[in-house]
Amino acid sequence: MKLPPSAASPTMYFVGVTTGQSSIMKLFPLWAKALGLGGPKMVGIDIAIHAEPEVYRECVRFIKEDPLSLGALVTTHKIDLFNAARDLFDTLDPFAVTFEEISSISKADGRLAGHAKDPISSGLSLEAFVPPGHWKRTGGHAMIMGAGGSALAICSYLTAPEREDDVPGTIVITNRSPERLASARELLGRIDTPVRFEYRLCPEPADNDAVLAEMPAGSLVVNATGLGKDRPGSPLTDDAIFPEEGLVWELNYRGALDFMHQALRQREQRRLHVEDGWIYFIHGWTQVISEVFHVPIEGETFDRLERIAMELRGSGETKGAAKT
């Protein structure tokens, strides 16, 4: 990791792996103008996956102590950053404490705040493409490949009490790391829900294929692994068969998107709805920008920012496959 110099003007950071390739670098100035923020900067901080704890602490200390560094969005490193640097935060929101992750760093009244925004942004994104009553109608399950912060956030939304009985009967979480699965089991065990959780160790893509074959029609299948964006590949092999009338969600919106293309090849035959991560990207960023700049982004304001993002994508200025 190479930290940027002290900010000379109001600056927000993107803490990730390959931040320079993100569409936010072109989109943020347009959003900032629309919000009347006065031209703040967006700067990326690239950190290797599963870096040493001191790397995360150094990053958080820099943002905390630099006067014009206003905050950051954290992706990929949400859990590792929480574990390494939670004591550096003055306040943590309930989602951050429950799921032990931080996706939003902001300042208020001289205090450093950490939030976990994924439970909110993932829910808003799911509502955009999962029909009301889907789970009651189909009896489908949810299979989430990956046990990181995004996976936990999706589980939180799918089991929220206000959903009553319109929930998957079973949520299956797969991961190639037994430690990550154990952590997910412990954290999700804090949720009071009738939904049944299963945890499957899947060190190889073929292992995920086998779990996928068990999913009934109408199931939701999610790539929450990061494969296809920061790292090459897919959590499935090309022999995997998606459930009929399934909902397939690729959380990535840029990169090779191998998982999404596997689903697209079966879309007509299996009657799939295939969604990429673009709407998730928009909700994720607007939630954090709202915290960092202390400006509400909802209703017509959100709609305006969404239109700007869609126009930028439609112009070919962003990377990633079109929404399907």
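Visitor: In this predicted model, what is the strand order of the open sheet that has mixed pairing?

Guide: Strands of a sheet pair through backbone hydrogen bonds, and they may do so in the parallel or the antiparallel sense. Here six strands make up an open sheet with mixed pairing, and reading across it gives the order β2-β1-β3-β5-β6-β4. The edges are taken by β2 (41-46) and β4 (91-92), each of which has a single partner strand, so one side of each is left without a neighbour in the sheet.

Visitor: Which helix packs on that sheet, and which strands does the helix touch?

Guide: Helix α12, residues 278-293, packs on the sheet and touches β1, β2, β3, β5 (104-108) and β6 (111-115), while its direction makes about 160° with that of β3.

Visitor: How many bridges join β1 to β3, and do these strands run parallel or antiparallel?

Guide: Strand β1 (residues 11-16) and strand β3 (residues 69-74) run parallel and are joined by five bridges.

Visitor: What is the strand order in the open sheet whose pairing is parallel?

Guide: That open sheet also has six strands, which follow the order β9-β8-β7-β10-β11-β12 with parallel pairing. Its edge strands, β9 (196-201) and β12 (273-275), each pair on one side only. When direction is ignored, neighbouring strands of this sheet are turned by 15° against each other on average. Helix α8, residues 178-188, packs on the sheet by touching β8 (170-175) and β9, and its direction makes about 170° with that of β9.

Visitor: How many bridges pair β11 with β12?

Guide: Three bridges pair strand β11 (residues 247-250) with β12 in the parallel sense, and for Leu247 the bridge partner in β12 is His273. In the loop between β10 (220-223) and β11 one finds Glu245, whose phi is near 55°, again a positive value in a residue other than glycine. Glu245 has a relative accessibility of 40% and counts as partly exposed.

Visitor: How many disulfides does the structure hold?

Guide: A disulfide requires two cysteine sulfur atoms within 2.5 Å of each other, and the structure holds zero disulfides. Cys202 is in no disulfide, and the nearest cysteine sulfur to it, that of Cys155, is 15 Å away. Cys202 is buried, with a relative accessible area of 5%, and Cys59 is likewise buried, at 0%.

Visitor: Turning to the whole protein, how many helices and strands does its secondary structure come to?

Guide: The count is 13 helices and twelve strands. The radius of gyration is 19 Å, close to the 20 Å that the globule rule gives for 324 residues, so the protein is as compact as a globular protein of that length. Along the principal axes, the C-alpha atoms fill a box of roughly 55 × 40 × 35 Å.

Technical notes
Residues are numbered from 1 along each chain as its sequence is written. This is a predicted model: local features need pLDDT of at least 70, side-chain atom pairs count only at pLDDT 80 or more; totals for chains, interfaces and linings use all residues. Side-chain values use heavy atoms; hydrogens and water are left out. Two strands pair if DSSP finds at least two bridges between them. Helices (H or I, at least four residues) and strands (E, at least two) are DSSP runs, numbered from the N terminus. Contact means heavy atoms within 4.5 Å. Axes are lines fitted to C-alpha atoms, for helices over the stretch in contact, and angles run from 0 to 180 degrees between N-to-C directions. Buried means under 20% relative accessible area, exposed over 50%, partly exposed in between (1.4 Å probe, protein chains only). The radius of gyration is taken over C-alpha atoms; the globule rule is 2.2 Å times the number of residues to the power 0.38.
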